[in-house]
Amino acid sequence: MTVDSADSTAAAQKAQPPRKRTAAKKSAKKSPGRAAAPAQPELVQLLSPEGKRVKTPENAVYDSYVDGITDDELRALYRDMVLTRRFDAEATALQRQGELGLWASLLGQEAAQIGSGRATREDDYVFPTYREHGVAWCRGVDPTNLLGMFRGVNHGGWDPNSNNFHLYTIVIGSQTLHATGYAMGIAKDGADSAVIAYFGDGASSQGDVLESFNFGAVYNAPVVFFCQNNQWAISEPTERQMRVPLYQRAQGFGFPGVRVDGNDVLACLAVTRWALERARNGEGPTLVEAFTYRMGAHTTSDDPSKYRADEERVAWEAKDPILRLRTYLESQTDTDEGFFAELDAESEALGKRVREVVRAMPNPGHLAIFENVYADGHALVDEERAQFVAYQASFADEAAGEA
């Protein structure tokens with residue numbers, strides 16, 4: 001009498017003595033579903049932390065987008081980063097002085113924002129979060145216009161259509177859906193332009209972002225999803241947010257993802273140019289993960305010393321995007337000290353102008369809250385306005401009676 005191979009295997013296994021559980025298995029039982037962390041993938045890096053040009057066969061396609069860059073263009077990128085950082089520092093100081101209610105600093109993320117911002121064309125459309133001060137600079141938005149919302153005197157101080165730069169979005173992740181819908185629209189219009197949406201590593205866990213990935217892929221929308229992975233979603237590190245490198249999420253939706261050194265302005269410029277070109281050519285979305293670091297607090301209401309070690313910041317300070325490009329300029333171009341001195345003076349002048357403009361911002365009128373709610377007016381808003389006017393007038397009547 002014979003038995004099939006499955007029965008034989010089962011019988012053999014039953015006859016064997018039970019094995020002792022190893023330490024590894026015990027650990028796995030205590031932490032179900034936690035796989036070993038994958039090896040970190042290589043970054044697209046064209047300028048090393050030491051300020052040296054990096055060329056590899058793997059990065060050749062991206063090299064081609066910056067190979068012809070001139071010394072003047074490199075100095076312009078450096079100027080953008082320095083002035084953006086100076087503006088950001090002034091805004092932080094103004095908040096500490098009580099002139100702003102809140103501020104979200106971009107300190108450490110200048111290369112990611114300037115590189116990607118300078119990759120856009122005038123007819124492209126940008127959907128930011130609330131930290132894209134460098135991108136706003138690249139799009140020609142006056143930096144003082146960014147501060148009205150944080151001072152509480154307006155809901156956004158610029159016309160989005162003037163610079164194709166949408167208003168700051170406070171709701172986490174929702175702008176990616178707006179960007180995808182806009183991209184779908186311009187595709188139907190046959191426009192030769194692209195859309196870029198900015199968000200952070202924390203926002204990548206929002207359903208809105210994943211929905212936008214899916215819509216962008218299914219409709220082949222000309223949109224670039226630009227994630228600034230600054231390692232911390234407020235106080236939550238990336239290793240507690242995801243099990244695979246963030247850029248690999250694009251694979252599940254059917255479009256490419258690229259991880260770029262977010263402290264390398266040349267790499268960010270090149271990769272974003274490549275991704276935007278794909279979008280304009282009808283090749284659909286791209287996810288760009290700019291691997292960078294938030295040097296400061298999440299906002300001025302946050303204290304990062306409570307959740308991250310000083311050693312971590314020190315390690316990232318050695319990768320400072322501005323210092324990296326300055327080293328390259330000093331060693332590989334004819335940039336002299338006069339350029340840096342003039343830029344320092346320009347930087348101080350910018351800080352002074354920002355202080356003066358913010359402190360001179362007029363308070364909005366009491367009835368401004370009722371304006372521009374509906375395009376054609378609304379009976380309920382009219383009723384609320386009338387009630388508010390009567391309420392304000394009551395204080396004047398009381399003051400007159402006391403007199």
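Glycine 296 is located in the loop that lies between β7 (286-291) and α12 (310-317). The model described here is a predicted one. With a relative accessible area of 15%, glycine 296 is buried, because buried residues are those under 20% relative accessible area. When its neighbours within four places in sequence are left aside, glycine 296 is in contact with Leu107, Pro304, Arg308 and Arg313.

The chain as a whole may be described next. It comprises 15 helices and seven strands. Of its 403 residues, 46% are buried. Among the contacts in the chain with a separation of 6 or more, 74% are accounted for by residues 24 or more positions apart. The accessible surface of the chain amounts to about 20,700 Å², and carbon and sulfur atoms contribute 52% of this area.

Two of the helices, α4 (residues 71-96) and α11 (residues 265-280), have axes that come within 11 Å of each other and cross at roughly 105°. Angles of 65 to 115 degrees count as roughly perpendicular, and α4 and α11 are therefore roughly perpendicular to each other. Where these helices meet, Leu74, Leu77 and Met81 are the residues from α4, and Val265, Leu266 and Leu269 are their partners from α11.

Asparagine 220 occupies the loop between α10 and β3 (223-229). Its phi is near 50°, which is a positive value in a residue other than glycine. Asparagine 220 has a relative accessibility of 37% and counts as partly exposed, because this value falls between the limits of 20% and 50%. Asparagine 372 lies in the loop between α14 (337-359) and α15 (379-402). Although asparagine 372 is not a glycine, its phi is positive, at about 60°. The relative accessible area of asparagine 372 is 78%, and this residue is exposed.

Terms used. Residues numbered from 1 in each chain as written. Predicted model: local features only at pLDDT ≥ 70, side-chain atom pairs only at ≥ 80, totals over all residues. Heavy atoms only, no water. Axes fitted to C-alpha atoms, helices over the stretch in contact; angles between N-to-C directions. Helix = DSSP H or I, 4+ residues; strand = E, 2+ residues; numbered from the N terminus. Parallel < 35°, antiparallel > 145°, perpendicular 65-115°, else oblique. Contact = heavy atoms within 4.5 Å. Buried < 20%, exposed > 50% of the residue type's maximum accessible area, 1.4 Å probe, protein only. Areas by Shrake-Rupley, 256 points an atom, 1.4 Å probe, with all protein chains shown as cover.
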